[in-house]
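This report looks at how the parts of a two-chain model meet, first inside one chain and then between the chains. Please keep the structure in view while reading.

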Amino acid sequence: MTVTKPYVAAVGTSAFGRTDLTGRDLFSAAVAEAFEDGPDPADVVDALYVGNQSESYEHQIMHGTLLAEWCGLRHVPAERVEGCAAAGALALRHAVEDVRSGRRDAVLACGVEKMTAGGTAGATNALSAAFDRALEQRSGVTAPSQYALLAQRYLHDTDATERDLARIAVKNHANGAANPRAQFQRETDVETVLDSDYVAPPLKLFDCAPVTDGAAVVLVASEAVARRFGTGDPTVRVGGVGAGANNIGVADRDLTFVEGAHEAATDAYDEAGVAPADIDVAEVHDAFTSCEAMLAEAAGFAPRGRGYESALPPAERSDGWTDTHLSTSGGLKARGHPIGATGIAQAVEVYEQLTGTATPDRQVDGATTGLLINEGGVADAVTVAHVLTT
Amino acid sequence: MTDHTDTPTAPLARDDVTADSPFTLPGFFAALNDGDLLAAVCEDCGNRLVPPRPACYACGGRHLHVEEQPQTGTVVSYTEVRTPPSALAERAPYTVAVVELDSGARLTGRVTVPYAETDIGMPVRLTTRSLAADELELALDHEKEWPIHEFEPA
């Protein structure tokens, strides 16, 4: 069987942050960027998948139908994909699989979330739906407290400190300052992070990704369709994908090793024929600073218990670390975390790095291979990894 | 007291899936209301699952039996909820923990003492009670009789 190589033909995002625009409007902005120099969506897009966390923000489901219509499509397969914060990369995975199989020539992977609609309480309540209803939700857990249960044990079992986690926030803010797409295009410092209020100890406000409105799209296409975009010489393709579920309940999982992410990343590496040391840039779903540390270990960039060194320059990390640059976009922390759009936004960053089109202050010279790890439902209730290569 | 462990084992037949079965949430919480915390024990690998479910995630096995759990254990990890779901706003801050029971089974629950008085390794005991007004607001119709479980220092 011939497998079609899935290329990234075009990418686009809305601005990330708080806005009066609705989800569909944010999508319109992302589509406008992605299709600025190419054919119209209706000329090429055969199907559409939309990562979207919750209908509670806008009281709207049917995002497949809605967004297809909003970019000029009708009578195409179009559906919402749900997996909390992993919804975006799950949508991307469907697009990749459709193109690989030869069933579709071009599929639009989308993500959208209008999180600010219900304020902090609305986001807290909506996100809590990702946790097990029987024992976790009824105990009053929240997203920060769920991640804090992992972080507390991680700090207990490793040499990591709250200051180490703060350095990850500082690094990601510095990267965000260099990213025109970022919600927070400003730097911060370790003392500011450490002085911020605890949200769920040991996690503080500045360890947490913000509430974000935003949308992002990636057009996955055969080489023939991809040639109709950009320079006409597509260079970035999706070389490998891995995805998998873990327990829904945090209590049933390994609290300090993100097994699901390890499995997903390993599958993606195997498909792409690469190893962790080959990855030049990685977006690692730092919904909380502690996630970046743990995902760095799960993805094979860091030795067990040393992922918290991700903010250090590669030369200063422990033996066994790869030279991978993490969260060059600013990560979820600074670029923003519009839940269902985050996985797509991660792919946009890796695409820009591999095409050399990231802004100079964050561009990793000569990057040819990148990884994105997108997870949903506390660390790895579901995880999706994509390896992008040139 | 009903012996909740005197029930069919998995694999379940279709007609076994009733609200009386501890392999369902209504059955699990009915037992908890009577003071019994139940787990399913995998007969293939020994894994303990709270609440009971009809298959073992660790090995894929579907042969399980129900076992009453010890109600003492230790804190594996813990934190404090400072920004709670809106229904529980008046209750915050409160402590939540992952607890490993003396049987090895683990579950998440609230802790009855403040965060500063909690620590990893702290011995705790399970308690249950009916829902308070704010918890009733959070509860769906079918959950209103389900007890809240909490851990207190042992």
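## Helix H1 of chain B

What covers the buried residues of H1(B)? In this predicted model, the cover includes three strands of chain B, namely strand S1 (38-42), strand S7 (123-129) and strand S8 (148-153). The helix itself spans residues 25-33 of chain B, and its buried residues are Gly27(B), Phe28(B), Phe29(B), Ala30(B), Ala31(B) and Leu32(B). Just after H1(B), the backbone at Gly35(B) adopts a positive phi of about 95°.

## The two domains of chain B

Chain B is divided into domain 1, covering 14-68, and domain 2, covering 72-153, and the centres of these domains, taken over C-alpha atoms, are separated by 21 Å. Seven residues from domain 1 of chain B and nine residues from domain 2 of chain B take part in the contact.

On the side of domain 1 that touches domain 2, H1(B) provides the largest share, with three residues. By class, that side of domain 1 of chain B consists of five nonpolar residues, one polar residue and one charged residue.

## The interface between chains A and B

Between the chains, 30 residues of chain A are in contact with 26 residues of chain B. On the chain A side, helix H5 (119-128), helix H6 (143-157) and strand S5 (198-200) each supply at least two residues, and H6(A) gives the most, with seven residues.

Sorted by class, the side of chain A that touches chain B has 14 nonpolar residues, together with twelve polar and four charged ones.

Technical notes: Residues are numbered from 1 along each chain as its sequence is written. Chains are lettered from A and ligands numbered from 1 in the order in which they are written. This is a predicted model: local features need pLDDT of at least 70, side-chain atom pairs count only at pLDDT 80 or more; totals for chains, interfaces and linings use all residues. Two residues are in contact if their C-beta atoms, placed from the backbone, lie within 7 Å. Helices (H or I, at least four residues) and strands (E, at least two) are DSSP runs, numbered from the N terminus. Ala, Val, Leu, Ile, Met, Phe, Trp, Tyr, Cys and Pro count as nonpolar, Asp, Glu, Lys and Arg as charged, and the others, Gly among them, as polar. A residue is buried if 20 or more other C-beta atoms lie within 10 Å of its own, exposed if 12 or fewer, and partly exposed in between; C-beta atoms are placed from the backbone. Domain bounds come from an automatic or database domain assignment.
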